[in-house]
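Subject: Handing over a structure

Dear colleague,

I am passing a structure on to you, and below it you will find some notes on what was found in it. Please read them with the structure open beside you.

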Amino acid sequence: MNRRKVIIILIIFILLLPVGITFSKYVTENIRNYIMEANHFFFNSDKLVNGGITYGINNWGGTGNIEIQFELNNHKNNILTSDTDIVYALTVTCDSGVICSLNSNSGTIQIAEKTDDFTLTITPTRPFDDNESVSATVTATSSSPYVKTLSATFVVTVGRRGIDYQITDSVTSPYLIFTVTNSLDTYKVITAFGNHAVNDLLTTNEYLSLSAEDKAKCASTVITLSFDPSVIILDTTSDIMNYSTYQTTLYNGINYISQITFPMDVMMSKEIRFYKRDSSRNWTYPIVNNTSVVTFSAS
């Protein structure tokens, strides 16, 4: 009976050991951070964190470069900042199929400067297909006056090959800008004509040789944006209204556009403005928000 109790105790100990080690590391790290902050050492970032974090980016077109902005800073809040300069180094690692680079790999955050800005560029060395993913991990380590490590992993997934989109916004801005870029170099037949059936692909030269009537039956891609007019309102003064179709939704007794569909030519970017009902919100996508306030689809 005693032997059985010993075995049970040993099993419980073995099961709890990893938990104890993890908890011990957690306590040690928090004590270490407390000591550094007590000495007014603040090494932080808007995206990188102590212990690491993973971001998902699902709007990549699979062919163009991806640029991710981030910062390192020396403040805890608007009042508390570090008492000394902070010397740091940056490294980046990424999957095969892409090349990752930073616009700077080291530096010093001066007491007066408070913030250093960076750009991570992910460059594909081959085309990526729909739903393929790559990841890049950025690590920032301070070396003086204390050692502290911040990191983040960015997992980038192809939503629709050849088509990228993003939302640019900020707190207090009355509107957001939705930008879509089409890097495809072919046209698709939308309505059959002549010897061409629906979904036939045409080169740019073939498209340019068509009549104006037949050109209107083709598009490089067709974009559909859906959104909630109780949250954001489409700017209907845009020229996009001249060549789009749309659906409306009744809100507070008024019909607002809630979905818009429009064609895009090859190698083209389009900026679309949406007014925000709540200007205190920041709808930036990706990174700031995990999902887009505008639902995107391309065909």
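Ser151 is found in strand β9, which covers residues 148-158; strands (E, at least two residues) are DSSP runs, numbered from the N terminus. Before going on, please note that this is a predicted model, in which local features need pLDDT of at least 70 and side-chain atom pairs count only at pLDDT 80 or more, while totals for chains, interfaces and linings use all residues. Residues are numbered from 1 along each chain as its sequence is written, and side-chain values use heavy atoms, with hydrogens and water left out.

With a relative accessibility of 16%, Ser151 counts as buried, a term that means under 20% relative accessible area with a 1.4 Å probe and protein chains only. Leaving aside residues up to four places away in sequence, Ser151 touches Leu48, Val49, Gly52, Ile53, Val138 and Thr139, where contact means heavy atoms within 4.5 Å.

A sheet is the next feature. Four strands form an open sheet in the order β1-β3-β7-β5, with antiparallel pairing; two strands pair if DSSP finds at least two bridges between them. β1 (44-45) and β5 (98-102) stand at the edges with a single partner strand each, so one side of each is left without a neighbour in the sheet. β5 is joined by 5 bridges to β7 (residues 115-124), the two running antiparallel, and Ile99 has Thr123 in β7 as its bridge partner.

Now to the pockets. A pocket is an open set of points on a 1 Å grid over the protein atoms alone, with protein on both sides within 12 Å along at least five of seven lines, and its lining residues have an atom within 4 Å of a point. The largest pocket has a volume of about 710 Å³, a volume being the space filled by probe spheres set on the points, which are joined across faces, edges and corners. Its lining has 26 residues, and Asn59, Ile66, Glu67, Gln166 and Pro286 lie nearest the centre. β10 gives the most to this lining of the largest pocket, with 5 residues.

The second largest pocket has a volume of about 200 Å³. Of the 13 residues that line the second largest pocket, Cys218, Ala219, Pro263, Met264 and Asp265 are the closest to its centre, and the elements giving two or more residues to that lining are β14 (218-219) and β18 (254-264).

With best wishes

Methods:
Buried < 20%, exposed > 50% of the residue type's maximum accessible area, 1.4 Å probe, protein only. 1 Å grid on protein atoms, 1.4 Å probe; cavity = no way out; pocket = protein on both sides within 12 Å on 5 of 7 lines; lining within 4 Å.
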